[in-house]
Amino acid sequence: MNILRCENVTKTYQLGQSEVKALDGLNLAIEKGKLTVIVGASGSGKSTLLHMLGGVDRPTSGKIWIEDTDISTLSEKQLSVFRRRKVGLIYQFYNLIPTLDVKQNILLPLLLDGQKPEEESFRELSDTLGLSDRLSHLPSQLSGGQQQRAAIGRALIYRPAVLLADEPTGNLDRKNSEEILALLKLSNKRYHQTIVLITHDERIALEADRVITIEDGRILQDSRQSGGEWRV
């Protein structure tokens, strides 16, 4: 079952007198519960694609569906609410609110909706993240790895339809990178979380169910892993 789908998605930017095509009629379907990695050289369009999939930016043309919703038809207000509830976003530089403690940062999507968290679910998540003893700390009091764990918690708190991660280990050392990867894999297995992840790290790509290579705004190669073997 496909949980995310884009059809003939194009994104162009005006650069002086020139028009730059970041995405060029791209078609893609993402299966529910799978860990999909997107790779490609700098400027290939992979980050632009992730922003389109998450509703952070809008395509110049084409359609994007998350579950049964065509997000390209939503107003800015509708899209903001939909993104908060259905899309988990993780960036390289955490984007935590510096004046909020860890617990408030993780719960932020729920707080913005005026909802109360289920204490048992929050406790399980904070335990899984290894942050139970850091919940009252501010981001500045955390290590880089702990800040990224908090960002992952915020992305997962709503149990979103899809989790989108843009170089989530790019600002971390090897040890913390491995721990973050293990956390993402755990959320994929334990919560059946659909994950789409951009990375330059070959180790992460080898752990995925599927690896999509982007070049010049198009899919160059689409490889899937089955039984320990990769098939194009």
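Visitor: Where is the place of Ser44?

Guide: Helices (H or I, at least four residues) and strands (E, at least two) are DSSP runs, numbered from the N terminus. Ser44 sits in the loop between strand 3 (35–39) and helix 1 (46–53). A word on the source: this is a predicted model, where local features need pLDDT of at least 70 and side-chain atom pairs count only at pLDDT 80 or more, while totals for chains, interfaces and linings use all residues. Residues are numbered from 1 along each chain as its sequence is written, and side-chain values use heavy atoms, leaving out hydrogens and water.

Visitor: Does Ser44 count as buried or exposed?

Guide: Buried means under 20% relative accessible area, exposed over 50%, and partly exposed in between (1.4 Å probe, protein chains only). Ser44 has 5% relative accessibility, so it counts as buried. By contrast, Tyr13 is partly exposed, at 35%, and is found in strand 1 (residues 2–15).

Visitor: Which residues does Ser44 touch?

Guide: Contact means heavy atoms within 4.5 Å. Leaving aside residues up to four places away in sequence, Ser44 touches Ala22, Ile214, Glu215, Asp216 and Gly217.

Visitor: And the whole protein: how many helices and strands are there?

Guide: The protein has seven helices and 11 strands. Its radius of gyration, taken over C-alpha atoms, is 18 Å, close to the 17 Å that the globule rule (2.2 Å times the number of residues to the power 0.38) gives for 232 residues, so the protein is as compact as a globular protein of that length. Of those 232 residues, 48% count as buried.
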